[in-house]
Amino acid sequence: SVSAPAPAPPPLPDIKSLPPAQQTSMIFDRLELNVSSEERVGYLRHLSNMLSQQPNDFTSPGHMDYIVERLMSHLQASFAQQPFDARVSKYLVVTLMTVMEGALAR
């Protein structure tokens, strides 16, 4: 018996008006769901842009640790995934690099 694919989650509401911490947790929640590679890349791009353009919004204690932890977790899962999605993995690495560059710049 072939199981039906999980239904696609509803589209993400326009999150840009929300506080950065809330946007971040919503993005990570979405990455946990069965969303397309294209959507994952879109979420990661948005997160990366926020991190590079608004670094002062991510100064609360533990917030960057949380982001790095979640990105690393997704990266490990991405490498274990079959078939391997190189594009999503690339954006996970790019987002991690953005975090590191921001942290080093401070």
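Predicted model: local features only at pLDDT ≥ 70, side-chain atom pairs only at ≥ 80, totals over all residues.
Figure 1. Beyond its neighbours within four places in sequence, H46 is in contact with I15, K16, Q23 and I27. Two of these partners, Q23 and I27, are among the residues of helix 1 that meet helix 2, and H46 itself is listed on the helix 2 side of that contact.

**Figure 2. Overview of the elements of the protein.** The protein contains 4 helices and 0 strands, and from the N terminus on its elements follow the order α-α-α-α. Of the 106 residues, 35% are buried. When contacts between residues at least 6 apart in sequence are considered, 59% of them join residues at least 24 apart.

**Figure 3. Close-up of the packing of helix 1 with helix 2.** Two packed helices are described by the angle between their axes and by the distance between those axes. For helix 1 and helix 2, the axes come within 10 Å and cross at roughly 160°. The two helices are therefore roughly antiparallel to each other, since an angle over 145 degrees is placed in that class. The crossing of helix 1 past helix 2 is left-handed. On the side of helix 1 the contact involves P20, Q23, T24, I27, F28, R30 and L31, and on the side of helix 2 it involves E39, R40, Y43, L44, H46, L47 and M50. By class, this contact consists of 8 nonpolar, 3 polar and 3 charged residues.

**Figure 4. Close-up of the packing of helix 1 with helix 3.** The axes of helix 1 and helix 3 come within 11 Å and cross at roughly 15°. Helix 1 is thus roughly parallel to helix 3, and it passes helix 3 in a left-handed crossing. Helix 1 contributes A21, T24, S25, F28, D29, L31 and E32 to the contact, while helix 3 contributes H63, Y66, I67, R70, L71 and H74. These residues divide into 6 nonpolar, 4 polar and 3 charged.

Figure 5. S25 is found in helix 1 and, at 25% relative accessibility, counts as partly exposed. The C-alpha atoms of S25 and Y66 are separated by 9.5 Å, although the two residues are 41 residues apart along the chain. Both S25 and Y66 are listed in the contact of helix 1 with helix 3.

**Figure 6. Close-up of the salt bridge between E32 and R70.** The model has 2 salt bridges. In the pair shown here, E32 and R70 have their closest N and O atoms 3.1 Å apart. E32 is exposed, with a relative accessible area of 51%, whereas R70 is buried, with a relative accessible area of 19%.

**Figure 7. Close-up of the salt bridge between E38 and R87.** E38 forms a salt bridge with R87, and the closest N and O atoms are 3.0 Å apart. This pair links distant parts of the chain, with E38 in helix 2 (residues 37-53) and R87 in helix 4 (residues 86-105), 49 residues apart. R87 is partly exposed, with a relative accessible area of 31%.

Notes
Residues numbered from 1 in each chain as written. Heavy atoms only, no water. Salt bridge = Lys/Arg side-chain N within 4 Å of Asp/Glu carboxyl O. Buried < 20%, exposed > 50% of the residue type's maximum accessible area, 1.4 Å probe, protein only. Axes fitted to C-alpha atoms, helices over the stretch in contact; angles between N-to-C directions. Parallel < 35°, antiparallel > 145°, perpendicular 65-115°, else oblique. Left-handed = near helix turned anticlockwise from the far one by under 90°. Contact = heavy atoms within 4.5 Å. Nonpolar A, V, L, I, M, F, W, Y, C, P; charged D, E, K, R; others polar.
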